[in-house]
Amino acid sequence: MCHDKIEKSFEGTDDVRYYEIFGGISSTGEIEKMRKIVRDNGLNVVVGVGGGSAIDTAKATAYYEKLPVVIIPTVVATDAPCTGLSVIYNDDETFNSYLFYPKNPEAVIVDSDIIAKAIVLLKPIGFSVILFALNCRRQYHLNEVQISLRSNITRLWRIKLPKCP
C-alpha cells in the first residue's frame, strides 16, 4: 500500500529510490546491513516506512551515516516516529542498548488513511496510541493525525483488549 503511494508521488521526477525489506528487528546486524546499502548506493536520505522497529533501524542508519531521516509510520503503537531515540537489540534478539540522538527526525509524514486502517487491524493497542498522538501534536503539530486518531481511539475503547503475557 505504501510503496504504490510513494512511487505515485515521485511520478515525473528523476529521483532515485532504493527499497529494502526490513529484517524484523532493530538489531546491530540489521543496522549494519542498511548502512552498507546506503553507502553502496550513494543515498542521501534515509526513509523509514513501517512500525517501531523499522523506524528505529532507519533512525540509527541515518544517524551513523550522518544523513537526514524521514519517517512514514504505518502504525501508531509506539512513539518511535517522533522521538530522538532507538531501541537496539543484538542479532539474537536480546536487548543491546538505547541509542539517543541529538535531534528528532527531520520529517514525519503521516498518511491518515493508512494509520486509521492500521488502528482497526491492530486490536491489542494500548495507551501508546494516545501518547503518540500527544507527542506528535506537541512536536510536529500533525492536526490531520489528531482528527483521524480521535475517531479511532473512541472505537479502541470499545474493544476488549487481550491480557498482556
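Trainee: Which element gives the largest share of the lining of the largest pocket?

Mentor: This is a predicted model, in which local features need pLDDT of at least 70, side-chain atom pairs count only at pLDDT 80 or more, and totals for chains, interfaces and linings use all residues. Residues are numbered from 1 along each chain as its sequence is written, and side-chain values use heavy atoms, with hydrogens and water left out. A pocket is an open set of points on a 1 Å grid over the protein atoms alone, where a 1.4 Å probe fits and protein lies on both sides within 12 Å along at least five of seven lines, and lining residues have an atom within 4 Å of a point. The largest share of the lining of the largest pocket, five residues, comes from H1.

Trainee: Which elements give two or more residues to the lining of the largest pocket?

Mentor: The lining has 37 residues, and those nearest the centre of the pocket are Tyr-18, Tyr-19, Val-47, Gly-48 and Val-49. Two or more lining residues come from each of these elements (DSSP runs numbered from the N terminus, helices being H or I of at least four residues and strands E of at least two): helix H1 (2-9), helix H2 (28-41), strand E1 (46-50), helix H3 (52-65) and strand E2 (69-73).

Trainee: How many residues in the lining of the largest pocket are nonpolar?

Mentor: Ala, Val, Leu, Ile, Met, Phe, Trp, Tyr, Cys and Pro count as nonpolar, Asp, Glu, Lys and Arg as charged, and the others, Gly among them, as polar. By that division the lining of the largest pocket holds five charged residues, nine polar residues and, as nonpolar residues, 23.

Trainee: Which element gives the most to the lining of the second largest pocket?

Mentor: The residues that line the second largest pocket include Lys-59, Ala-62, Tyr-63, Tyr-101, Pro-102 and Glu-106. That lining divides into seven nonpolar residues, one polar residue and four charged residues. With three residues, the element that gives the most is H3.

Trainee: Is Thr-57 buried or exposed?

Mentor: Thr-57 is found in helix H3. Leaving aside neighbours within four places in sequence, Thr-57 is in contact (heavy atoms within 4.5 Å) with Phe-22, Ile-25, Ser-26, Glu-30, Ile-31 and Met-34. Its relative accessible area is 2%, where under 20% is buried, over 50% exposed and in between partly exposed (1.4 Å probe, protein chains only), so Thr-57 counts as buried.

Trainee: What is the relative accessible area of Asn-90?

Mentor: Asn-90 is found in the loop between E3 and E4, and, not counting residues up to four places away in sequence, it touches Ser-27, Thr-28, Phe-95 and Asn-96. Asn-90 and Ser-26 stand 64 residues apart in sequence, yet C-alpha to C-alpha they are 8.3 Å apart in space. Asn-90 is partly exposed, with a relative accessible area of 24%.

Trainee: Which residue in E4 is the bridge partner of Tyr-89?

Mentor: Strand E3 (residues 85-89) and strand E4 (residues 95-100) run antiparallel and are joined by five bridges; two strands pair if DSSP finds at least two bridges between them. Their hairpin has five residues between the strands, and there Glu-93 takes a positive phi near 75 degrees. Ser-86 stands opposite Leu-99 in E4, while the bridge partner of Tyr-89 in E4 is Phe-95.

Trainee: Which residues make up the uncovered face of E1?

Mentor: An open sheet of three strands has the order E1-E2-E5 with parallel pairing, and its edge strands, E1 and strand E5 (107-108), each pair on one side only. E1 and E2 pair over five bridges, with Val-49 opposite Ile-72 and Gly-50 partnered by Pro-73. The covered face of E1 has Val-46, Gly-48 and Gly-50, and the uncovered face has Val-47 and Val-49.

Trainee: What percentage of the residues in the protein is buried?

Mentor: The protein has six helices and five strands, following the pattern α-α-β-α-β-β-β-β-α-α-α along the sequence. Among contacts between residues at least 6 apart in sequence, 64% join residues at least 24 apart. Of the 165 residues in the protein, the buried ones make up 39%.
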